[in-house]
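I opened my notebook to look up a few places in one structure.

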Amino acid sequence: MRAKPRGLALRLALSILASACAIFLAVFAYTYRESERTVLRNVEEGARNLTLATVYRMETVMAGAEKLPAYVAKRLETTELSQDDLLAQIVDALETNQQVYGSTIAFEPYAANPQQRYYAPYCCRGQDGQPLAFNYLGSETFNYFHMDWYLLPKVMGRPSWSEPYFDENGGKVVMTTYSHPFYKVADGARDFAGVVTADLSLQWLRELVSSISFNRSGHAFLVSQAGVFITHPNEQLVMRESIFSVAEATGDKDLRAVGRSMIAGRSGFTRISNPVLGPASGQDAWLYYAPLQSTGWSLGVLVPEAELFADLQSLSRKALIMGGAGLALMLFVLAAISKAIVRPLEALAHSAATIAQGNLDTALPPVRRKDEIGELRNSFESMRQALKEHIATLVETTAAKERLDSELKIARTIQMSFLPKHFPPFPERDEFSIFAFLEPAKEVGGDLYDFFLRDENHLFFVIGDVSDKGVPAALFMAVTKTLIKGVAEGGTEPSDILEKVNLELCRDNESMMFVTVICGSLNLTSGELRLANAGHCSPLLLRQGAVENLPLPPGLVLGVMEDARYTTHRSELQPGDMLVLYTDGVTEAMDGDNTLYSDERLERSLLTYGSNGSEQLVRAVLADVRAHTAGEPQSDDITLLALEYRGKRT
């Protein structure tokens, strides 16, 4: 029967606990009563009142600026105005509201004049009291149809405030723009005709926010709907950094969460420890933030914690004096007790240090006492034996893991070597350009792509997605790609290629893996496009500034049914058309809130970057996907292939 310890723990516990409890209770009771009834509640209330009062002043100016474009847009919808009348409307808008810096009425192509593509008369206030300055916006180098202040109200069908920006072609100042769409009504239909804008210079906002002070060194800052700093005492941050870029640069997850809350239109009172935003490096601060409902911006008031808790620190100093007296008493008690227990503990500590250096064969000193020290010695001995066994097992496991990692790296290299990776692949051909990219979610993946010239005038291309991930999917992908290329070189229709490959994949497919595929052939002389689909997501066609889904006939995935049949879809590409094929890893990429990248955002990216060529388009879409996921782990393989048809060979 195990002997009962002789009370060492009891003596130590009673001695230390009596002293510690007396000190803790005295200090805690004193500081808790004082701190609970002060500081944070009053600070939060004061910061809230100051922030909301400032927000109200901003909202008043914003609301006044919104009325003028709404009035002009309404009049444009009900009255036919001459060009002189249009200019008069803009001048009246500036003279009516002194807060508005500039204004324009930007029309759709040829809407104001059938012979004029760009028509956007712009008027802004002169510098240093100069008269109003006039300008006509719109040119091949300044295509305002793609600007946010024009495109957002057009797409959303409602007025909107733009992100702050520096206007190089109009007002030459940092500003934000309120845009109100107007329409032409004919036969009961409302057709978008353009926007009426009101520009606000951000200088008055900076002056207003910089005038905010709280306590001795508290300050305020303003961020846009995207989190970009509009105002901040640190000029290096203004219009250059966002609250999210600061969070990423400093690894501050809490600040990232605060930024999300601010751009989501919420208010709150929270503590931050970021050295970039704080009043000084290493100082914590408390932040109260509230939204501007009209623009989606957010105003924050930052107060150093050291100032908030100055009174509390004074109380803490008094508590330290009391605690010091208690510690002195406790040290006297511990000194008497430690003499009886320190010697065997020193011997155990020496042996433990030797074991910690890796010498697990060190013998522990014998201890005949049956109190806690004796049990400690026995525990050390059990630990020493367990460590020897664990290290032996760990060595074997590490060696096996290193072998596996090495094999996976080799497998990734082999898999990537299957795919075309030299771009441009056909530098001597100018009828088309093609670029593709594959990024596996694991070391190896199940996506595939390929392209090659079947003859002088026909380009064959394919993209696919295996149902699994990892090594099994990579093997299935290699088999599928090899079969497709072997069959395609025979020159058959895309539907015939899929049927033959499907028949081969169904044989001995005990694991029931399958693959979705789109393959096609492009006649480089005529532009004829032939496509066949095996359960893959439809490709997108970018043509003349618009994106459309190619309506391919449905087809069963490869590897499931031997008698599956497929159909070849024929269409014709025009010079300048861009065909984009992708796997679902693009549209189903998720951010930290489990929000999908989505088909709609992919189409917006194609519209934005489609004029840059196939390679730049693919790289821009991939960068947009990474920006959406914001560092979240990749959940599926990502593959993109862009084919631009340029016309007959010159």
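**Entry 1: a sheet and its order**

I began by noting that this is a predicted model. I then traced an open sheet of 5 strands. The order I wrote down is β9-β8-β12-β11-β10, and the pairing is antiparallel. Which strands stand at the edges? They are β9 (229-231) and β10 (268-272). Each has a single partner strand, so one side of each is left without a neighbour in the sheet. Neighbouring strands are turned by 30 degrees against each other on average, with direction ignored.

A reminder to myself: strands of a sheet pair through backbone hydrogen bonds, either parallel or antiparallel.

**Entry 2: the pairs, one by one**

I went through the pairs next. Strand β8 (residues 219-223) is joined to β9 by 2 bridges. There I found valine 223 opposite phenylalanine 229. Between β10 and β11 I noted 5 bridges, and these strands run antiparallel. In this pair arginine 271 stands opposite tryptophan 286 of β11. β11 and β12 are joined by 7 bridges, again in the antiparallel sense. Here alanine 290 faces leucine 299 in β12.

**Entry 3: strand β11**

How many residues of β11 are buried? I found 7 of the 7, so the strand is largely enclosed by the rest of the structure. I checked each face. On one side, Ala285, Leu287, Tyr289 and Pro291 are buried.

I listed the buried residues of α7: Leu255, Arg256, Val258, Gly259, Ser261 and Met262. What do they pack against? My answer is β8, α6, β10, β11 and β12.

I looked at both ends of the helix. At the start of α7, a side-chain oxygen of aspartate 252 comes to within 3.2 Å of the backbone nitrogen of aspartate 254. After α7 comes glycine 265, whose phi is positive, near 85 degrees.

**Entry 4: α6 against α7**

Two packed helices are described by the angle between their axes and the distance between the axes. I looked up both values for α6 (residues 243-250) and α7. The axes come within 9 Å and cross at roughly 170 degrees. That makes α6 roughly antiparallel to α7. From α6, the contact uses Ile243, Phe244, Val246, Ala247 and Glu248. From α7, Leu255, Arg256, Gly259, Arg260, Met262 and Ile263 take part. I sorted these residues into 7 nonpolar, 1 polar and 3 charged.

**Entry 5: two single residues**

I picked serine 160, in strand β4 (residues 160-161). Is serine 160 buried or exposed? Its relative accessibility is 10%, and the cut-off for buried is under 20%, so it counts as buried. Setting aside neighbours within four places in sequence, I listed its contacts as Leu152, Pro153, Thr177, Tyr178 and Ser179.

Then I turned to arginine 429. It lies in the loop between α10 (372-417) and β13 (432-439). Arginine 429 is buried, with a relative accessible area of 6%. Its side chain reaches the backbone oxygen of glutamate 456 at 2.7 Å.

**Entry 6: another sheet**

I finished with an open sheet in the order β14-β15-β16-β17-β20. Its 5 strands pair in the antiparallel sense. At the edges stand β14 (447-455) and β20 (569-572). Each has a single partner strand, so one side of each is left without a neighbour in the sheet. The twist averages 15 degrees from one strand to the next.

I checked one pair here. Strands β16 (residues 515-523) and β17 (residues 528-534) are joined by 5 bridges. In β17, asparagine 533 is the bridge partner of isoleucine 518.

Which helices pack on this sheet? Helix α11 (residues 470-488) touches β14, β15 (458-466) and β16, and its direction makes about 15 degrees with that of β14. Helix α12 (residues 494-506) touches β15, β16 and β17, and its direction makes about 25 degrees with that of β17.

Notes:
Residues numbered from 1 in each chain as written. Predicted model: local features only at pLDDT ≥ 70, side-chain atom pairs only at ≥ 80, totals over all residues. Heavy atoms only, no water. Pairing = 2+ DSSP bridges. Helix = DSSP H or I, 4+ residues; strand = E, 2+ residues; numbered from the N terminus. Axes fitted to C-alpha atoms, helices over the stretch in contact; angles between N-to-C directions. Buried < 20%, exposed > 50% of the residue type's maximum accessible area, 1.4 Å probe, protein only. Parallel < 35°, antiparallel > 145°, perpendicular 65-115°, else oblique. Contact = heavy atoms within 4.5 Å. Nonpolar A, V, L, I, M, F, W, Y, C, P; charged D, E, K, R; others polar. Polar contact = N/O pair within 3.5 Å; in protein donor to acceptor, adjacent residues only side chain to side chain.
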